[in-house]
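This report describes the architecture of one protein chain for a reader new to structural analysis. Please examine the sequence and the model before reading on.

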Amino acid sequence: MIRTVDTDVVVIAISVIHILDISSLWIAFGVGKNLRYIPVHKIAVQLGPYKSRALLFFHEFTGYDKVSSFCNHGKKIARETWSTYNEATNEFNLLSDEPREDCVKESVENIERFVFLLDDRSSECLPVDAARIYLFTRKRQSIDNTPPSSSALQQHIKRAAYQAGYCWGQALDKLQELPSPGSWGWKRSKDGPWEPVGTALQLINVNCKSENGCRGRCKCVKDCFV
């Protein structure tokens with residue numbers, strides 16, 4: 001049995017139980033009236049070894065300690081989306097097990113589709129940059145609520161893959177061998193600590209006079225998505 005108040009520990013336990021020589025593993029989670037016992041072995045059997053391992057990247061990618069979350073999309077929505085789009089499982093698994101840098105490029109297409117489905121599960125999957133235009137012009141979503149750009153998403157994937165595939169992926173190793181964060185979406189700040197790699201943004205002045213909002217041919221749309 002493991003006792004913890006940290007969700008990360010639950011996720012890591014589910015991801016490694018298939019390679020441990022034990023028949024059952026329980027987690028005493030929470031404190032006081034909120035204390036409950038989680039049967040990790042049953043959850044892992046239900047998910048299967050492949051999806052259990054993929055849970056590492058999924059948990060970090062959808063937002064936790066070291067990686068930001070998607071606006072207005074919590075774990076519940078992300079989990080429901082994953083259950084309807086199993087094509088993402090292979091990418092999540094690949095990035096949960098000491099991924100190479102080229103793994104990110106290979107995984108981008110399916111992960112972009114997964115991100116689009118977080119916003120709109122009723123439409124055909126689109127690349128994330130095309131999805132931003134579609135949601136802004138057709139669905140009238142605020143630009144703040146559209147998915148990140150492709151370049152921003154790639155940095156987000158790298159940070160999640162570093163935490164999941166290396167820091168958590170080596171949880172059973174006594175001495176971890178971690179690559180430099182500099183190749184995984186982080187950079188040194190002027191003061192010394194690591195900080196996320198940002199993407200260039202261009203601020204524009206939108207003066208749309210349309211009473212019905214921006215349309216596909218509107219100059220605002222062209223300016224926003226160049």
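The sections below treat the overall fold, the core, selected residues, the salt bridges and the surface.

## Basis of the report

The model is predicted, so local features need pLDDT of at least 70 and side-chain atom pairs count only at pLDDT 80 or more, while totals for chains, interfaces and linings use all residues. Residues are numbered from 1 along each chain as its sequence is written, and side-chain values use heavy atoms, with hydrogens and water left out.

## Overall architecture

The chain contains nine helices and five strands. Helices (H or I, at least four residues) and strands (E, at least two) are DSSP runs, numbered from the N terminus. Read from the N terminus, the order of elements is β-α-β-β-α-α-α-α-α-α-α-β-β-α.

Of the 226 residues, 44% count as buried. Here buried means under 20% relative accessible area, exposed means over 50%, and partly exposed lies in between (1.4 Å probe, protein chains only). The accessible surface of the chain is about 13200 Å², and carbon and sulfur atoms account for 50% of this surface; such areas come from the Shrake-Rupley method with a 1.4 Å probe, and for residues only the protein chains shown count as cover. Contact means heavy atoms within 4.5 Å. Among contacts between residues at least 6 apart in sequence, 55% join residues at least 24 apart.

## The nonpolar core

In soluble globular proteins, nonpolar side chains tend to be buried together. A nonpolar core is defined as a set of buried Ala, Val, Leu, Ile, Met, Phe, Trp, Tyr and Cys residues joined through side-chain atoms within 4.5 Å. The largest such core in this model has 45 residues, of which Phe57, Phe61, Phe92, Phe114 and Ile157 touch the most other members. Two or more residues each are given to this core by helix H1 (7-16), strand S2 (26-29), helix H2 (40-47), H3, helix H4 (75-84), helix H5 (88-94), H6 and helix H8 (150-168). H8 supplies the largest share, nine residues.

Phenylalanine 57 illustrates the packing. Apart from its neighbours within four places in sequence, phenylalanine 57 is in contact with Phe92, Leu95, Ser96, Ile111, Ile157, Ala160, Ala161 and Ala164.

How many of the 10 residues of H1 are buried? Eight are, and H1 is therefore described as mostly covered under the definition of burial. Among the buried residues of H1 are Asp8, Val11 and Ile14. The buried residues of this helix pack against S2, strand S3 (36-39), H2, H3 and H8. At the start of H1, a side-chain oxygen of aspartate 6 comes to within 2.9 Å of the backbone nitrogen of aspartate 8.

Histidine 59 lies in helix H3 (residues 49-61) and is buried, with a relative accessible area of 7%. Its side chain makes a polar contact with the side chain of aspartate 8 (3.3 Å). A polar contact is a pair of N or O atoms within 3.5 Å; within protein, one must be able to donate a hydrogen and the other to accept it, and residues adjacent in sequence count only if both atoms are side-chain atoms. Beyond its neighbours within four places in sequence, histidine 59 has contacts that include Thr7, Tyr64 and Trp168.

## A buried tryptophan

Tryptophan 184 is located in the loop between H8 and strand S4 (186-188). Is tryptophan 184 buried or exposed? Its relative accessible area is 3%, so tryptophan 184 is buried. The C-alpha atoms of tryptophan 184 and isoleucine 157 are separated by 8.5 Å, although these residues are 27 residues apart along the chain. Contacts of tryptophan 184, leaving aside its neighbours within four places in sequence, include Pro99, Arg100, Lys158 and Tyr162.

## Salt bridges

Side chains of opposite charge can pair when their charged atoms come close. A salt bridge is a side-chain nitrogen of Lys or Arg within 4 Å of a carboxyl oxygen of Asp or Glu, and the structure holds four.

One of them joins arginine 100 and aspartate 102 (3.0 Å, N to O); arginine 100 is partly exposed at 48% relative accessibility, as is aspartate 102 at 35%. Another joins arginine 113 and glutamate 109 (2.8 Å, N to O). Because arginine 113 and glutamate 109 are four residues apart in helix H6 (residues 101-119), about one helical turn separates them. Glutamate 195 and lysine 187 also meet in a salt bridge (3.9 Å, N to O).

## A nonpolar surface patch

Ile19, Leu20, Ile22 and Leu172 make a nonpolar surface patch of about 360 Å². Patches are made of residues with over 30% relative accessible area and no salt bridge: like charges are joined within 9 Å, and nonpolar side chains (Val, Leu, Ile, Met, Phe, Trp, Tyr) within 5 Å. Isoleucine 19 is placed in the loop between H1 and S2 and is exposed, with a relative accessible area of 62%.
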